[in-house]
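Here's a quick briefing to read alongside the coordinates. Open the model in your viewer and follow the topics one by one.

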Amino acid sequence: MAAAAWGFMPVRNVARLFVPAMPMVRAEDVHKRYGRLEVLKGLHLEVAAGEVLCIIGTCGSGKSTLLRCINHLERIDGGRLYVDGELMGYREGGDCIYEIRQRDLCRQRAGVGMVFERSNLFPHLTVLENVIEAPVHVKHEPKAAAIEHARALLKRVGLLDRLDAYPGRLSGGQQQRVAIARALAMRPKLMLFDEPTSALDPEVAGEVLSVMRGLAHEGMTMIVATHEMAFVRDVGDEVVFMDGGVIVESGNPRDVLLHPQHERTKAFLQVGASLADGSRSGPC
Ligand SMILES: Nc1ncnc2c1ncn2[C@@H]1O[C@H](COP(=O)(O)OP(=O)(O)O)[C@@H](O)[C@H]1O
Ligand SMILES: [Mg+2]
């Protein structure tokens with residue numbers, strides 16, 4: 001910017017130039033316990049808007065718990081979790097945090113889409129009805145607008161021809177693609193994926209992964225717990241390796257997958273041997 005321009009810039013705008021972009025997700029010293037079992041032991045992470053963070057790790061390392069804490073399906077026992085600058089599920093008061101009202105939590109959760117290992121579609125509703133359910137009943141969108149949006153989303157995931165099918169008539173991969181469309185129907189700013197392809201055959205998993213790749217390329221902020229190492233390598237902006245409720249190692253996926261620094265990461269990656277070539281290990 002030309003120096004002369006500074007003189008004409010309102011102070012408010014000058015200040016904004018120096019404010020670092022707020023991360024979409026920020027975890028500060030997050031702890032989570034189930035009874036005596038401490039599952040998350042003080043996690044720190046940040047995900048910038050438009051970034052894809054992949055989480056890899058052994059079974060029971062806390063990946064699902066972390067994702068569930070991010071959209072407050074689970075309460076945290078310590079630390080802070082922010083989504084788009086807002087404390088998720090809580091409000092701050094002095095040194096303490098207090099749970100927010102259900103209505104406010106619903107509003108926050110509407111901004112965070114989640115796709116699980118199993119699609120959990122409503123079996124008695126058609127594909128289209130599944131996708132418009134939350135926009136119409138939770139967000140109170142007009143039905144015609146919700147249908148139009150749902151059709152566009154179902155086209156995007158390659159299922160425009162199955163609008164009237166019931167989930168039971170779809171393959172596992174098709175069901176997961178509907179689950180992605182259903183999550184996108186709420187126009188989320190963040191998408192969480194918890195091993196969305198673990199229950200699928202490799203051929204079918206590919207369809208789901210390609211929809212996820214498309215989403216990433218369009219700039220969706222995503223956190224993906226997965227064992228699909230080719231996806232981690234090719235789509236992830238960053239990968240974290242979790243073990244025993246802590247982040248052992250994190251960094252650029254190619255660096256971490258090919259040159260892990262920590263012994264625990266090396267051991268995990270060796271189990272799948274030549275993971276960087278695109279292998280996948282089983283669900284957990
Ligand atoms: N609702 C729960 N109650 C008690 N323990 C749980 C619960 N959910 C998960 N755990 C325990 O927390 C640990 C982490 O689990 P999880 O987050 O599912 O790990 P991952 O997704 O990495 O396999 C495991 O030891 C698991 O048994
Ligand atoms: Mg899990």
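Which residue in β10 does Ile55 stand opposite? That would be Ala225. Keep in mind that this is a predicted model.

- Strand β3, residues 52-57, runs parallel to strand β10, residues 221-225, and four bridges join the two.
- Taken as a whole, the sheet is open and has six strands, ordered β8-β9-β10-β3-β11-β12, with mixed pairing.
- At the edges sit β8 (112-115) and β12 (246-251), each of which pairs on one side only.
- From one strand to the next, the twist averages 20°.

**Helices on and around the sheet**

- Helix α3 (residues 63-70) packs on the sheet, where it touches β3, β8, β9 (190-194), β10 and β11 (238-243).
- The direction of α3 makes about 155° with that of β9.
- Helix α7 lies across β8 and β9, and it runs at about 170° to β8.
- In helix α4 (residues 102-110), you'll find Leu105, Gln108 and Ala110 buried.
- The cover over those buried residues of α4 includes β5 (86-87) and β8.

**A glutamine worth a click: Gln176**

- Gln176 is found in helix α7, which spans residues 172-184.
- Is Gln176 buried or exposed? Its relative accessible area is 1%, so Gln176 is buried; the cut-off for that label is under 20%.
- Leaving aside residues up to four places away in sequence, Gln176 touches Val115, Phe116, Glu117, Arg118 and Ser119, along with Pro196, Leu200 and Val208.

**Salt bridges**

- How many salt bridges does the structure hold? The count is 17, and a few of them are picked out here.
- Side chains of opposite charge can pair when their charged atoms come close.
- Arg26 and Glu46 meet through their side chains in a salt bridge, at 2.1 Å from N to O.
- That pair links distant parts of the chain, with Arg26 in strand β1 (residues 25-34) and Glu46 in strand β2 (residues 37-47), 20 residues apart.
- Arg26 has 31% relative accessibility, so it counts as partly exposed, and Glu46 gets the label partly exposed too, at 41%.
- Glu92 forms a salt bridge with Arg80, and the closest N and O atoms are 2.9 Å apart.
- This pair also links distant parts of the chain: Glu92 belongs to strand β6 (residues 90-93) and Arg80 to strand β4 (residues 78-83), twelve residues apart.
- Asp234 and Arg233 bring their side chains together in a salt bridge at 2.8 Å, N to O.
- Asp234 counts as partly exposed, its relative accessibility being 37%.
- Salt bridges with shared partners join Arg213, Arg233, Asp234 and Arg254 into one network.

**Backbone spots to check**

- Most residues other than glycine have a negative phi.
- Asn120 has a positive phi, near 55°, and is a residue other than glycine.
- Where does Asn120 lie? Look in the loop between β8 and α5 (127-137).
- Asn120 counts as partly exposed, with 49% relative accessibility.
- Arg187 also has a positive phi near 55° without being glycine, and it lies in the loop between α7 and β9.

Technical notes. Residues numbered from 1 in each chain as written. Chains lettered and ligands numbered in written order. Predicted model: local features only at pLDDT ≥ 70, side-chain atom pairs only at ≥ 80, totals over all residues. Heavy atoms only, no water. Buried < 20%, exposed > 50% of the residue type's maximum accessible area, 1.4 Å probe, protein only. Contact = heavy atoms within 4.5 Å. Pairing = 2+ DSSP bridges. Axes fitted to C-alpha atoms, helices over the stretch in contact; angles between N-to-C directions. Salt bridge = Lys/Arg side-chain N within 4 Å of Asp/Glu carboxyl O.
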